[in-house]
Amino acid sequence: MKVFIELGWFFKQEKKAYISGVLILLFVALLQLIPPKVIGIIADDIHEGTITTGVLIKWVVVLIAVGLSMYVLRYYWRIMIFGSSVKLSKILRDRLYSHFTTMSPSFYQKSRIGDLMAHATNDLSAIQQTAGAGVLTLVDSLSTGGFVIIAMAFTISWKLTLICLIPMPIMAMLTSWFGTMLHKSFHKAQEAFSSLNDKTQESISGIKVIKTFGQEQEDIEDFRKLSVDVVQKNIVVAKIDSLYDPTISIIVGISFFLSIAFGAKYVLNGELTIGELISFTTYLGLLVWPMLAFGWLFNIVERGRASYDRVAALLREKVEIKDDKDALSIMPMGDIEYKINEFTYPGETKPILKEILFSLTKGETLGIVGKTGSGKTTLLKLLIREFEGDKGEILFGGKPLQAYKLEKLREAIGYVPQDHFLFSATVAENIAFTNPDISIDEIEKAAKLANIHDDILGFFDGYQTVVGERGVSLSGGQKQRISIARALLMNPEVLVLDDSLSAVDAKTEETILSSLRQNRDGKTTIITSHRLSAVQHANLILVIDDGKIVERGRHEELMEQDGWYKEMYLHQQLEELVEHGGH
Ligand code: ADP
């Protein structure tokens, strides 16, 4: 029951609704006691032959009045209690969502997206159940159960009450046991379903790879296995569920049998009237629901608690990279200076970067080249504070990155990643992502700079063509150029192209780079690339190998050294020549 205390903050917040809901619930529990009693009185009057039409009409009016009041009041407590519990899941959902958006990439690296989605859906609905059905079953089973037992014992016969209650604890135990079994098997069925979901999602996303490698049959076989598993686990659930009703009916039957058998004896020896026995058995009928509810209560609360613990643990996850207390609310500008002695990814032991020391004057272009996996992207991620290390710092405009608010830092940097992401929206909306109110002229200007304008005009709806998952499919190069246009629209202090020209041909690359050189006067640009021609105009080129700067200088300087750069440059030139048939 600890979860009710943990949810105390919410009950306090909604106390008006909960208090009125509970009071109405208690009142209904009391009203419920009236009809059985009235039926008993009428039965006795009939038995003794004292019944008159007037008396009968009076009781019928009472029954109708009670029935109508219960109808209306039940409607209101439902709204009060269930209506409030919906608010709880909304509050938690909002909290969780905004928490998710503040978490750093390292959090997403260690969590599975499917799990996070499950917390945001299944767990929240279990918590909502606790605040709704949980509160209802707690209050209702205790009040209805208590009132009915008191009415049976004190107004009819305490002896008969004790006798008929004998099987009830067994019923509560069985309900609880069935509930646990059901919960466990249901959990397994849900897990199986979630695996099936993951598999389907992955196969559909990766269908091209599956087809390319001719793996359709194997994939169908994997799917079939998972699908069979889902069916088997659901059959287990259905079996337990089917046992439940008949078992409970037997126990309730025993209770009725005991009260009628012993009740009849008491009527015969004059301890009870026939009307009282009728009232008694009707009360007994009222007792079945609270007993069942009490059994369910344990399951609802147990599930709610487990879910609340999981959600609370997620909400407690610290945001690793956040604003310092006195971070400046100004956009950083000026020179950039890397003073990284060493950087290791969180949870890893091997440093990925070592002694990255260099500076870049505002307005200059930096080229970073090196083998795949040498650490180029990592170096850039430190600049946008996607990751952070403690051995060294990066200065921007003379101050460490941490001196600025994250929001301001990221406003200053237009980062175009390797794995670009386009939303299911129009081309124009995708480009204007950071500034939805910008004019179409500005959008077109950015698109022209990124050399994608002509392609866009060729789409069937121009700038209004929907792209992304639900839209037109674009080539890798087109996606890259739209991402570049998105970053250019910000006209950022620092433009970072992280291998973002890999899918365009050398000529297009050259067109884009030369228009950047003309249009980004006074602004800094950082380019990492596999193709050395992309960086040959840079003011500074760094060659990274295994996390270290192994060569540095301008293109001409590097060509004078007999290192990796020169060898690679000549190699790529030769390749280009061969590609163009030696011309
Ligand atoms: P490059 O951009 O030069 O191809 P990266 O900076 O992407 O190289 O990667 C450098 C090394 O860091 C690789 O060995 C890679 O496996 C590792 N790495 C990259 N990202 C992470 C991460 N988020 N967590 C742990 N290791 C990582």
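The areas come from the Shrake-Rupley method with a 1.4 Å probe, and for residues only the protein chains shown count as cover.

Before I go on, keep in mind that this is a predicted model: local features need pLDDT of at least 70, side-chain atom pairs count only at pLDDT 80 or more, and totals for chains, interfaces and linings use all residues. Residues are numbered from 1 along each chain as its sequence is written, and side-chain values use heavy atoms, with hydrogens and water left out.

V72 sits in helix α5, residues 53-102. Helices (H or I, at least four residues) and strands (E, at least two) are DSSP runs, numbered from the N terminus. Is V72 buried or partly exposed? V72 counts as partly exposed, because its relative accessible area is 41%. The cut-offs are under 20% for buried and over 50% for exposed, with partly exposed in between (1.4 Å probe, protein chains only).

Now, the ligand. How many residues surround the ligand? There are 13, and the closest are Q109, G373, K376, T377 and T378. To be near, a residue needs one of its heavy atoms within 4 Å. By type, the shell splits into three nonpolar, seven polar and three charged residues. Helix α13 (residues 376-383) gives the largest share of the shell, three residues.

Let's look at some polar contacts, meaning pairs of N or O atoms within 3.5 Å; within protein, one must be able to donate a hydrogen and the other to accept it, and residues adjacent in sequence count only if both atoms are side-chain atoms. G373 uses a backbone N or O atom, 2.7 Å from an oxygen atom of the ligand. T377 brings a polar side-chain atom to 2.6 Å from a ligand oxygen. For T378, an N or O atom in the side chain is 2.4 Å from an oxygen atom of the ligand. On its own the ligand exposes 560 Å², and the protein buries 68% of that.

Stay in this part of the chain for S374, in the loop between β3 (365-370) and α13. S374 has 4% relative accessibility, so S374 counts as buried. Its side chain reaches the backbone oxygen of K371 at 2.7 Å.

There's another serine to show you, S515 in helix α19, residues 506-519. S515 is buried too, because its relative accessibility is 16%. The side chain of S515 reaches the backbone oxygen of I512 at 2.9 Å.

Next up, salt bridges: a side-chain nitrogen of Lys or Arg within 4 Å of a carboxyl oxygen of Asp or Glu. How many salt bridges does a search of the whole structure find? It finds 23. One of them pairs E386 with K381 at 3.6 Å, N to O. Another joins E493 and K523 at 3.9 Å, N to O. That pair links distant parts of the chain, 30 residues apart: E493 is in the loop between α18 (476-489) and β7 (494-498), and K523 is in the loop between α19 and β8 (524-528). Both E493 and K523 are buried.

Compare that with E556 and R554, whose side chains meet in a salt bridge at 3.8 Å, N to O. E556 is partly exposed at 48% relative accessibility, and R554 is partly exposed at 37%. Salt bridges that share partners also join K362, E493 and K523 into one network.

Last topic, the backbone. Most residues other than glycine have a negative phi. E355, in strand β2 (residues 353-360), has a positive phi near 45°. With a relative accessible area of 57%, E355 is exposed. N491 isn't a glycine either, and its phi is positive at about 45°. You'll find N491 in the loop between α18 and β7, where N491 is partly exposed at 42% relative accessibility.

Definitions and conventions: Ala, Val, Leu, Ile, Met, Phe, Trp, Tyr, Cys and Pro count as nonpolar, Asp, Glu, Lys and Arg as charged, and the others, Gly among them, as polar.
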